Amino acid sequence: MIGDMAHKYRNRNKEFTMANHLVIVESPAKVKTIKKFLGSNYEVDASGGHVRDLPKSQLGFDPEHDYEPKYITIRGKGDVLAKLRKEVKKADKIYLATDPDREGEAISWHLMKALKLDEVKDKKVYRISFNEITKNAVKASLKAPRDIDMNLVDAQQTRRILDRIVGYKISPILWEKVKRGLSAGRVQSAALRMICDREEEISAFIPEEYWSLDAMLKAPGSKKPAAAHFHNDKDGKTEIRSRAELDALLESLKGQKFIVNDIRNGERTKKPPLPFTTSTMQQEASKALNFSTQKTMRLAQQLYEGVDVKGHGTVGLITYLRTDSTRVAEEAEKMAGEFIAENYGEAYLSTGENSKKNNGKIQDAHEAIRPTNLSLTPVKVKESLSRDQFRLYQLIWKRFTASRMSAAVYETTSVKIMAGGNEFTMTASRLKFDGFMSVYIEADEKEEKNQILSKLEKGEELELEDLVSAQHFTQPPAHYTEASLVKAMEEQGIGRPSTYAPTITTILARRYVVKENKNIYVTELGEVVNRIMKQCFPSIVDIAFTANLEFLLDSVGEGLTPWKTIVRNFYPDLMAAVDEAQRTLETVHIADEESDEICEVCGRRMVIKYGPHGKFLACPGFPECRNTKPYLEKTGIPCPKCGKEVIIKKTKKGRKYYGCEANPDCDFMSWQKPSTEKCPECGSYMVEKGNKLVCANEQCGFVMPMKEKEEEKTATE
């Protein structure tokens, strides 16, 4: 009997020590890290992201029944849910610990529905979230459980449904009319529009000539001259626009004395940078490390979820990676202050708050991206990280540390020099206190060299050693890079921190754009898709409309706008545009045009088709005849070098340019369409830019209107 009692006691004790709290996270990579913090009373498991979604085979919501969504279990998630259901049965408390954003909130809600947690009577279900995977943060979240925020869930549902409407209703039109498996997207189509608009600006840009003029001056007793830059002439004019203006200025300087007119000494401070947001982290990683946005986010996810650091175990090294806030938590401010004072000195501590003012677009739910523990310096964790993990962590660590440090201070000297009523200036600066620059300098900022001017006095005459002039031309807007596109999307309010990288990845994968030497170029395919979108769905690619939609989605998350109100307004208008597109685009014939080329295999007349790199020739006898060849689109323009015909070509990645059909014997190429007109000034060939012709010789720069454009304008008038 005593043996039976002891056996029952052992069984009861075993049950008592079994895990009776279940924590469900998104990523399996977090399980090990969090389990270490919580001990044997807690079981930690992962959902592996979403477990339910709208079905792929249909629209996924019912417009006839007030747009109610229909969710199904994602294929392959059955085993995950079965395992979680078993663990739910054993637990008396369930904590839904998915990511701390609207997507994470939606995953928690879907888990609750899929596991029927809203129906259980004998268990308590909580939502917890933490901005960093550290012991303190995880334990603190368990002490402050809450309900699922249905406003955030609704915001995610609205975004998903709007994206589904655009994708499922517009993509089939592109498929039908362009004859490709293409796609449209609420954010991706607006981003493509931005890139195409930039390309048009660049193509239409006409360079303007200007000149710089430096006076090389020596102070009495100095060995080397210093450059004084032309500032303005006696009439106050600051720009030299032509060789003639330069010659007139040089003439006015003949025999003139260069006299020091004013000397000003002062100080200039350089503020520390703000800590990283998702956008600025992607931009800086692109510029400093040459990482794509996708790679940056993948590495940041690994650093956030946890890395096995020698001597520390698995550690979440950075805070949550999807944020547009530069706010820093009070305990992090304290940590930074103590670290900087101890390692750099009190003088290096920041004297004020360093965060960006909220302009209404910022969702301030999260902190900026920062290290979870500053004492884990890049040097200490280097052996435990891959090369690229280390490089990104070092960038984040240095940026955050610098953001909590004092400004750099420069001593400055500014000198005004007069010569016959013309003003020249000399400036110099010397770093007096390095402040945050002892830790971090941004990738696109050149470190300023210390410059010291000779000791000068007002009224002193300087010796002119030489006058150095140089011709320049204004430059067109730069092509977007991944970094500058992310910056522009953020500034315009297109997308959110979680969508920048996937958007760029999608338009690259669809071959709407290509990347060459960091620059993004639109392909012929991208131009066609953008043209159709602008013609038939102007609101979808309208930047202001897309930004306003993002604002409305944020207002759903804040509980200010009912989610169905947005869908009720959006869906009917889009469907009307879809119906109109079906009618107006019926006569558009984009592909499968007959060419003059005869198939050398079977004798049929070949047709023009679209491929990933643009147009190509294919035999219409497919599949019996599979012959294909490059499509050489002729321009009817003679080559300026050899007289043969100029044809439209593509780079390997699909970027369009103009080259000679005689290549490789003739190496002529131009990014702009060449003209049959010759430059009346220098005899070089001219290229089309908007409605003007511009001399291809940059040293000449002659511009004239295009005759046919002028004739069209006259005929219209």
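Predicted model: local features only at pLDDT ≥ 70, side-chain atom pairs only at ≥ 80, totals over all residues.
1. **Nonpolar cores.** The largest nonpolar core holds 79 residues. Within that core, Ile 165 and Phe 537 have the most contacts. Look at Ile 165 for a sense of its packing. Beyond its neighbours within four places in sequence, Ile 165 contacts Phe 61, Ile 170, Val 567, Phe 570, Tyr 571 and Leu 574. There is also a second, separate core, of 63 residues. Its members include Ile 128, Val 138, Leu 385 and Ala 408. As background, nonpolar side chains in soluble globular proteins tend to be buried together.

2. **Helix H17, geometry and ends.** H17 covers residues 543-557, 15 residues in total. From first C-alpha to last, H17 reaches 22 Å, close to the expected 21 Å. At the start of the helix, look at Asp 542. A side-chain oxygen of Asp 542 comes to within 3.3 Å of the backbone nitrogen of Ala 544. After the helix comes Gly 559, with a positive phi near 80°.

3. **Helix H17, burial.** The buried residues of H17 are Ile 543, Thr 546, Ala 547, Leu 549, Glu 550, Leu 553, Asp 554, Ser 555, Val 556 and Gly 557. What covers the buried residues? The cover includes helices H4 (102-114), H6 (150-178), H7 (188-204), H14 (482-492) and H18 (563-584).

4. **Asp 554 and Arg 496.** Asp 554 forms a salt bridge with Arg 496, and the closest N and O atoms are 2.5 Å apart. Asp 554 sits in H17, while Arg 496 sits in the loop between H14 and helix H15 (500-509), so the pair ties together parts 58 residues apart in sequence. Both Asp 554 and Arg 496 are buried.

5. **Arg 404 and Glu 333.** The model has 38 salt bridges by the rule used. One of them joins the side chains of Arg 404 and Glu 333, at 2.7 Å from N to O. Arg 404 is in the loop between helix H13 (387-403) and strand E14 (408-419), and Glu 333 is in helix H11 (residues 330-343), so this bridge ties together parts 71 residues apart in sequence. Glu 333 is partly exposed, at 31%.

6. **Other salt bridges.** Glu 367 pairs with Arg 370, with the closest N and O atoms 2.7 Å apart. Both of these residues are buried. There is also a network: salt bridges link Asp 66, Glu 68, Lys 564 and Arg 568. In general, side chains of opposite charge can pair when their charged atoms come close.

7. **The E17-E18 hairpin.** Strand E17 (residues 513-516) and strand E18 (residues 519-522) run antiparallel and are joined by 4 bridges. Lys 515 has Ile 520, in E18, as its bridge partner. The two strands form a hairpin with 2 residues between them. In the turn, Asn 517 has a positive phi of about 50°.

8. **The four-stranded sheet.** Four strands make an open, antiparallel sheet in the order E23-E24-E25-E26. Strand E23 (633-638) and strand E26 (669-670) are the edges; each has a single partner strand, so one side of each is left without a neighbour in the sheet. E23 pairs with E24 (residues 645-650) over 3 bridges, in the antiparallel sense. Across that pairing, Glu 633 stands opposite Ile 648 in E24.

9. **Ser 108.** This residue is in helix H4. Ser 108 is buried, with a relative accessible area of 0%. Which side chain makes a polar contact with the side chain of Ser 108? The partner is Thr 98, at 2.5 Å. Not counting residues up to four places away in sequence, Ser 108 touches Leu 96, Thr 98, Arg 127 and Ile 148.

10. **Lys 487.** This residue is in helix H14. Lys 487 is partly exposed, with a relative accessible area of 41%.

Key: Residues numbered from 1 in each chain as written. Heavy atoms only, no water. Core = buried A, V, L, I, M, F, W, Y, C linked by side-chain atoms within 4.5 Å. Buried < 20%, exposed > 50% of the residue type's maximum accessible area, 1.4 Å probe, protein only. Contact = heavy atoms within 4.5 Å. Expected span 1.5 Å × (residues − 1). Polar contact = N/O pair within 3.5 Å; in protein donor to acceptor, adjacent residues only side chain to side chain. Pairing = 2+ DSSP bridges. Salt bridge = Lys/Arg side-chain N within 4 Å of Asp/Glu carboxyl O.
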